[in-house]
Structure formats: structure tokens, C-alpha cells
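Subject: Structure handover

Hello,

Here is the structure I promised. Please open it alongside this note, and go through the points below in order.

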Amino acid sequence: MSACIFCRIVAREIPADIVHENDHVLAFRDLRPVAPSHVLVIPKRHIDSVREAETDDVELLGHVMIGARDVAQKLGVAAGGYRVVVNNGDDAGQTVFHLHAHVLAGRSLVWPPG
Ligand code: 5GP
Ligand code: ZN
């Protein structure tokens with residue numbers, strides 16, 4: 001059994017509110033949403049973060065971004081606009097070390113983020 005909670009969600013060992021899935025990515029609602037729509041898009045293959053990505057991971061990283069696009073379309077927030085955020089490492093506030101893109105929408109988002 002994996003120690004990584006997001007790998008365990010991929011393996012269906014931990015429940016999640018899944019909104020999108022294909023061969024490459026899984027997307028599910030964040031447990032503690034900070035926007036009316038807050039979904040995490042993760043690659044099914046474990047990688048800690050962008051920081052650890054190899055050049056050969058270019059397709060995996062692309063699938064995460066296309067997954068974010070698909071999630072926004074499915075949730076009906078694409079036209080209004082949305083933000084895709086990837087936290088990398090402690091200073092960025094990353095708490096789960098399985099790469100994930102936050103898709104945030106449904107309210108006006110401030111810039112720059114805190
Ligand atoms: P990070 O801070 O690493 O960028 O984001 C991790 C996110 O994962 C947080 O927003 C947190 O609420 C969410 N999260 C942590 N554990 C779980 C979980 O077991 N299920 C779901 N759905 N979200 C989780
Ligand atoms: Zn993992």
C-alpha cells in the first residue's frame with residue numbers, strides 16, 4: 001500500500017469526489033475548498049512536484065494541464081475564467097508531495113496570490 005495519499009486516491013483506497021478521469025490523470029474536489037470550484041488534477045503516475053520533473057515527463061505535465069482545461073469545461077467555469085496553480089516545495093505551501101494542479105474558479109481571484 002502506498003504512503004502517498006493521492007496515489008491511494010488513484011488506487012481507490014481513499015474515497016474522493018472524482019470529477020474527471022482518463023488514462024493519464026485523475027481530478028477530484030479538494031477536501032478544503034478555497035473557491036466555489038476547487039478541483040485537484042493529478043497525474044496517475046507519482047511524481048513529487050514540477051521540481052523533480054525530468055525532461056521526459058513533458059507528456060505527463062502536458063496531460064495535467066489538458067486535464068485542468070477539461071475540468072474547467074466540465075464544471076462550466078471555462079468561459080468565466082479560472083486559475084491553475086501548482087505549488088512546489090515548502091515556501092510555496094506544498095503539503096501533498098504528489099504533483100497536483102489546483103483548478104480554482106467561481107469567484108474573483110486576487111493577484112498576486114499571497
Ligand atoms: P498543496 O498545499 O500541496 O498545494 O495542496 C494540497 C491540497 O490537497 C490541499 O488543498 C488539501 O486541502 C488537499 N487535500 C489534502 N488531503 C486530501 C484528501 O485526502 N482528499 C482531498 N480531496 N483533498 C486533499
Ligand atoms: Zn503519489
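A word on naming before anything else: helices (H or I, at least four residues) and strands (E, at least two) are DSSP runs, numbered from the N terminus. On that scheme, Pro-112 falls in the segment after β5, which spans 101-105. Please keep in mind that this is a predicted model.

**The ligand site**

Start with ligand 1. Which pocket holds ligand 1? The largest pocket does. The shell around ligand 1 has 16 residues. Closest are Asp-30, Asn-87, Thr-95, His-100 and His-102.

Leu-31 uses its backbone, with a polar atom 3.3 Å from a nitrogen atom of the ligand. How much of ligand 1 does the protein bury? On its own, the ligand exposes 520 Å², and the protein buries 87% of that.

Two elements give two or more residues to this shell: α1 (5-10) and β2 (25-29). The biggest share comes from α1, with three residues. By type, the shell has seven nonpolar, six polar and three charged residues.

**Two buried side chains in loops**

Next, look at Gln-94. You will find Gln-94 in the loop between β4 (83-85) and β5. Is Gln-94 buried or exposed? Gln-94 counts as buried because its relative accessibility is 5%, and the cut-off for buried is under 20%. The Gln-94 side chain has polar contacts with backbone atoms. One of its polar atoms lies 2.7 Å from the backbone nitrogen of Gly-89. A polar atom of that side chain is also 3.0 Å from the backbone oxygen of Val-96.

Asp-57 is in the loop between β3 (37-43) and α2 (58-75). Its relative accessibility is 7%, so Asp-57 is buried. What does the side chain of Asp-57 reach? The backbone nitrogen of Glu-54, at 2.8 Å.

**Backbone points to check**

Some background first. Most residues other than glycine have a negative phi, and most peptide bonds are trans.

Two places here depart from that. Arg-12 is not a glycine, yet its phi is positive, at about 65 degrees. Arg-12 belongs to the loop between α1 and β1 (18-21). The Arg-12 relative accessible area is 45%, so this residue is partly exposed.

The other place is the bond between Trp-111 and Pro-112. That peptide bond is cis, with omega about -5 degrees. As noted, Pro-112 sits in the segment after β5.

**One residue in β5**

Last, Leu-104. This residue is part of strand β5. Leu-104 counts as buried because its relative accessibility is 11%. How far apart are Leu-104 and Val-19? In sequence, 85 residues separate them. In space, they are 14 Å apart, C-alpha to C-alpha.

Then turn to the cis bond between Trp-111 and Pro-112.

Best wishes

Technical notes
Residues numbered from 1 in each chain as written. Chains lettered and ligands numbered in written order. Predicted model: local features only at pLDDT ≥ 70, side-chain atom pairs only at ≥ 80, totals over all residues. Heavy atoms only, no water. Near = heavy atom within 4 Å. Polar contact = N/O pair within 3.5 Å; in protein donor to acceptor, adjacent residues only side chain to side chain. Areas by Shrake-Rupley, 256 points an atom, 1.4 Å probe, with all protein chains shown as cover. 1 Å grid on protein atoms, 1.4 Å probe; cavity = no way out; pocket = protein on both sides within 12 Å on 5 of 7 lines; lining within 4 Å. Sits in = over half its atoms within 2 Å of the grid points. Nonpolar A, V, L, I, M, F, W, Y, C, P; charged D, E, K, R; others polar. Buried < 20%, exposed > 50% of the residue type's maximum accessible area, 1.4 Å probe, protein only.
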